[in-house]
Amino acid sequence: MKEQDTINPSSLRQALAAKARPNLVVVAGGTDILVQLHDRVDRPWPKLLVLDGIKALGKITLHDDFVTIGPNVTFSEIESSPIIGKYAPQLAQAASVAGSVQIRNRATIGGNVANASPAGDLIPPLYVLGATLELLSVRTKRSMPIEKFFVGPGKTVLKSNELITAIRISKVKRIGFFLRLGTRQALAISKVSVAAALMIKSGIILDVKIALGAVAPTVIRAGVAEELLRGNRLDAKLIDHAAEAASKEARPIDDIRSVAAYRKEMVGILLKRGLTKILESM
Amino acid sequence: MKVRFKLNGKFVMLDLPGVERLIDLLRERLDLVGTKEGCGKGECGACTVLLDGKPVCSCLMLASQIAGHEIVTIEGVAADNRYAHILNAFEETGAVQCGYCSPGMIVSAAALLARNRHPSDNEIKRALAGNLCRCTGYSKIIEAVSRAAERVAQERK
């Protein structure tokens, strides 16, 4: 039944060489993939390429202009990293509320991105941080903004011979938040989530990015709401307008976790909650 | 595939027959049946073990992923005097009813108390949020962990 060995490379070079083979399923922490494999006990498991032994992919590194997060970095490591806390507080917040202690100790940022769930909690923060993904194969190297990576639920532009080898975020300091709603606080997949990053000077919003999770086939930006906010003074009235606009931009569905109407309304509520807290702290 | 790792304080070298989950290795081949499988999907925490001191679900790990690491199961926690207060407190407060979740709860509690000697009720709840109990309603479990923490603190005075 489970006759084949897993492939456990200890270097990136070995991993990329292995990834050149077709029909491999990649395992990082395993917290998503083992759930998916759990239900297919009677069928043979696919050949598994296990990446978590590659130590070089598990580091958070500070550079002059940007921070590199290795794909094997776990949610727990993101949650407790002072570098992430300083340059990407939204990401730290998202990492700290996803799953449970047990899941956060194993789940990786690379896995969360590659799994491409519209409800993946680290993805909205990475959108608003303007993250770039580095994708490597044996022969090629390319990078792309994270927003170009997703095609649909579980679908990405990653080629079968490629691996995500780095996630980069700029060191521009922005304030922001990540807020989500789920059936319970722990272990619930998000019904709806909102991340934001803002640059505010003397009360004026110089720049803003807002991303919405679990309300479209991929995580999406709330461009209309951003446009309303940009260049204007943050106040209660502006927040109401932006919240209403973001709510309209969401295009959720009814599914097992929630219903479209609730999700749409909650997008506005969460954005309002997050922006109001920023306003109150000014 | 050969893997070498530390299990409950001892080095072990094992030949893995193929793809195997950590929980199956522990229960089926090493007879460490204290670790329970509830959901098999990381939702219930009954299979919690310590990986390099951190709680993880053994149902969501491949046995091949533990190469070079240290695993401590409930058997290892139970044999470790540092955690005796947790086991006693669970007994005294009635934090154990059917007992199925208890190994996972105790392993999670052990990891918490190893890094936080004075956890608040909220910190205990957060640390145990990945462990489900369908009998107790949790209040006795939180009381047990709190009591164990107090005793550890008293002993250190």
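## Briefing on chains A and B

B:R21 has a relative accessible area of 9%, so it counts as buried. The model is a predicted one. Chain A is split into three domains, namely domain 1 (12-50), domain 2 (56-170) and domain 3 (175-280). In chain B, 5 strands make up an open sheet with mixed pairing. Over all chains, the count of salt bridges comes to 23.

**Salt bridges around B:R21**

- The side chain of B:R21 meets that of B:D24 in a salt bridge, with an N to O distance of 2.9 Å.
- Both partners, B:D24 and B:R21, are buried.
- B:R21 also forms a salt bridge with B:E37, where the closest N and O atoms are 2.9 Å apart.
- B:R21 sits in the loop between β2 and α1 of chain B and B:E37 in the loop between α1 (22-29) and β3 of chain B, so this pair ties together parts that are 16 residues apart in sequence.
- B:E37 has a relative accessibility of 26% and therefore counts as partly exposed, whereas the 9% of B:R21 falls under the 20% limit for buried residues.

**Other salt bridges**

- B:D80 and B:R82 form a salt bridge in which the closest N and O atoms are 2.6 Å apart.
- B:R82 is exposed, its relative accessible area being 60%.
- In chain A, salt bridges with shared partners join A:E147, A:R174, A:D207, A:R221, A:E226, A:E227 and A:R230 into one network.

**The sheet of chain B**

- The strand order across the sheet is β2-β1-β5-β3-β4 (chain B).
- β2 (10-15) and β4 (54-57) of chain B are the edge strands; each has a single partner strand, so one side of each has no neighbour in the sheet.
- On average, neighbouring strands of this sheet are turned by 40° against each other, with direction ignored.
- Strand β1 (residues 2-7) of chain B pairs with β2(B) in the antiparallel sense, over 6 bridges.
- Within that pairing, B:V3 has B:L14 in β2(B) as its bridge partner.
- Helix α4 (residues 102-115) of chain B lies across β3 (48-51) and β4 of chain B, and runs at about 30° to β3(B).

- The buried residues in α1(B) include B:L22, B:I23, B:D24, B:L25 and B:L26.
- Buried residues of this helix pack against β1, β2, β3 and β5 (70-72) of chain B.
- B:D31, which follows α1(B), has a positive phi, near 55°.
- B:T35 is located in the loop between α1 and β3 of chain B.
- With a relative accessible area of 1%, B:T35 is buried.
- Leaving out residues up to four places away in sequence, B:T35 touches B:I23, B:L26 and B:R27, among others.
- Its contacts also include B:A46, B:C47, B:V49, B:S58, B:T73, B:I74 and B:E75.

**Nonpolar cores**

- In soluble globular proteins, nonpolar side chains tend to be buried together.
- The largest nonpolar core has 56 residues, and those with the most contacts inside it are A:I69, A:L91, A:I109 and A:L126.
- Another core, of 29 residues, lies apart from it; A:I210, A:A222, A:I239 and A:M266 are among its members.

**Strand β9 of chain A**

- Of the 8 residues of strand β9 (residues 163-170) of chain A, 6 are buried, so this strand is largely enclosed by the rest of the structure.
- Strand β4 (residues 66-69) of chain A pairs with β9(A) in the antiparallel sense over 4 bridges.
- A:T68 stands opposite A:R168, a residue of β9(A).
- Strand β5 (residues 132-136) of chain A is joined to β9(A) by 5 bridges, and the two run antiparallel.

**Domains of chain A**

- The centres of domain 2 of chain A and domain 3 of chain A, taken over C-alpha atoms, are 21 Å apart.
- Their contact takes 22 residues from domain 2 of chain A and 25 residues from domain 3 of chain A.

Terms used:
Residues are numbered from 1 along each chain as its sequence is written. Chains are lettered from A and ligands numbered from 1 in the order in which they are written. This is a predicted model: local features need pLDDT of at least 70, side-chain atom pairs count only at pLDDT 80 or more; totals for chains, interfaces and linings use all residues. Side-chain values use heavy atoms; hydrogens and water are left out. Two strands pair if DSSP finds at least two bridges between them. Axes are lines fitted to C-alpha atoms, for helices over the stretch in contact, and angles run from 0 to 180 degrees between N-to-C directions. Contact means heavy atoms within 4.5 Å. A salt bridge is a side-chain nitrogen of Lys or Arg within 4 Å of a carboxyl oxygen of Asp or Glu. Buried means under 20% relative accessible area, exposed over 50%, partly exposed in between (1.4 Å probe, protein chains only). A nonpolar core is a set of buried Ala, Val, Leu, Ile, Met, Phe, Trp, Tyr and Cys residues joined through side-chain atoms within 4.5 Å. Domain bounds come from an automatic or database domain assignment.
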